[in-house]
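Please have the model open in your viewer, with a residue selection tool at hand. The stops below are meant to be taken in order.

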Amino acid sequence: MTVELTRSGRGSRRIAVVAIAAIVFLLAGVGAYAVAHNVRKQDTKYCGHDCVPGLKIGTVVEALRGQGHTCADKRQFWSCELRIGKVRFEADLFRAVNVADFYEYISKVEARIINPDSTTAAAGLDYMSWFAALPHRDDPSTVKKVGGWLAEQIAGDGDITFVLDWEYALERNANTRSIELTMKRRY
């Protein structure tokens with residue numbers, strides 16, 4: 001016996017899949033933030049001016065893997081990706097090269113959302129906000145400031161800002177239907 005979905009059934013199924021994915025993604029951000037915050041309390045080693053202090057790259061990679069990302073070590077950086085339907089969430093975590101234990105710490109993050117649509121807008125903001133908050137995870141007022149700037153830029157055309165010692169740049173590319181956040185230490 002073969003059951004064929006009607007057009008409205010396919011549309012409902014697609015909406016349900018995207019809604020479930022968005023909920024899972026929101027929970028993933030909260031869980032990953034909690035993991036990163038707890039590790040911050042345990043590892044307070046100063047890693048120099050070129051990195052996110054107290055947060056090892058492996059901790060972030062494991063948090064992303066725990067939420068369904070596939071990650072690969074590209075030697076100078078880790079590349080992680082999650083696909084939900086046609087939408088791709090990607091992150092590259094660059095290693096700090098001027099630190100003795102360079103392989104352990106993050107100096108720069110590039111996070112991208114490719115093919116975002118209206119149903120993934122909230123998940124996309126949460127995804128970008130999670131990365132943007134990493135350097136300031138112990139300072140709620142700074143996290144709020146970065147989150148507010150990010151929300152404005154995602155809704156607009158993008159821009160560059162500086163928060164404490166970090167440079168944030170958000171770009172929207174209509175040709176590739178992507179949004180990209182680059183976060184790095186300001187020199």
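**Before selecting anything**

This is a predicted model, in which local features need pLDDT of at least 70 and side-chain atom pairs count only at pLDDT 80 or more, while totals for chains, interfaces and linings use all residues. Residues are numbered from 1 along each chain as its sequence is written, and side-chain values use heavy atoms, with hydrogens and water left out.

**The whole chain**

Of the chain's 187 residues, 44% count as buried, where buried means under 20% relative accessible area, exposed over 50% and partly exposed in between, with a 1.4 Å probe and protein chains only. If contact is taken as heavy atoms within 4.5 Å, then among contacts between residues at least 6 apart in sequence, 50% join residues at least 24 apart.

**The largest nonpolar core**

Next select Leu93, Phe131 and Tyr168, which touch the most other members of the largest nonpolar core, a set of 36 residues. A nonpolar core is a set of buried Ala, Val, Leu, Ile, Met, Phe, Trp, Tyr and Cys residues joined through side-chain atoms within 4.5 Å. At least two residues of this core come from each of helix H2 (57-66), strand E2 (77-84), strand E3 (87-95), strand E4 (106-114), helix H3 (121-133), helix H4 (140-155), strand E6 (166-173) and strand E7 (178-185). Which element gives the most to this core? H3 does, with 5 residues.

Stay with Tyr168 and display its surroundings: leaving out residues up to four places away in sequence, Tyr168 touches Ala132, Pro135, His136, Val146, Trp149, Asp159, Ile160, Thr161, Val163, Leu181, Thr182 and Met183.

**Helices H3 and H4**

Show H3 and H4 together; their axes come within 10 Å and cross at roughly 140°, the axes being lines fitted to C-alpha atoms, for helices over the stretch in contact, with angles running from 0 to 180 degrees between N-to-C directions. That angle makes H3 oblique to H4, since angles under 35 degrees count as roughly parallel, over 145 as roughly antiparallel, 65 to 115 as roughly perpendicular and the rest as oblique. To see the contact, select Leu125, Met128, Ser129, Ala132 and Ala133 of H3 with Val143, Val146, Leu150, Ala151 and Ile154 of H4.

Now centre on Ile154 in helix H4, which counts as buried at 16% relative accessibility. Apart from residues up to four places away in sequence, Ile154 touches Leu125, Met128, Leu170, Arg172 and Ile179. Its C-alpha atom is separated by 9.0 Å from that of Gly124, 30 residues apart along the chain.

Gln153, also placed in helix H4, is buried with a relative accessible area of 10%. Leaving aside neighbours within four places in sequence, Gln153 is in contact with Gly158, Asp159, Leu170 and Arg172.

Move to H2 and select Ile57, Thr59, Val60, Val61, Ala63 and Leu64, which are buried. Just after H2, Gly68 takes a positive phi of about 105°. In the loop between helix H1 (7-42) and H2 lies Asp50, a residue that is buried with a relative accessible area of 10%. Draw a distance from Asp50 to Asp165, 115 residues apart along the chain, and their C-alpha atoms will be found separated by 9.8 Å.

**Two loop residues with positive phi**

Most residues other than glycine have a negative phi. Select Arg75, in the loop between strand E1 (70-73) and E2, where phi is positive at about 80° although the residue is not a glycine; Arg75 counts as exposed at 72% relative accessibility. Then go to Leu164, in the loop between strand E5 (160-163) and E6, whose phi is positive and near 50°. Leu164 is exposed, with a relative accessible area of 56%.

**The disulfide**

Finish at Cys71 and Cys80, which form a disulfide with sulfur atoms 2.2 Å apart, a disulfide being a pair of cysteine sulfur atoms within 2.5 Å. By this rule the count is 1 disulfide. The torsion about the S-S bond of Cys71 and Cys80 is about 115°, so the disulfide is right-handed. Cys71 is buried at a relative accessible area of 15%, and Cys80 counts as buried at 1%.

Methods
Helix = DSSP H or I, 4+ residues; strand = E, 2+ residues; numbered from the N terminus.
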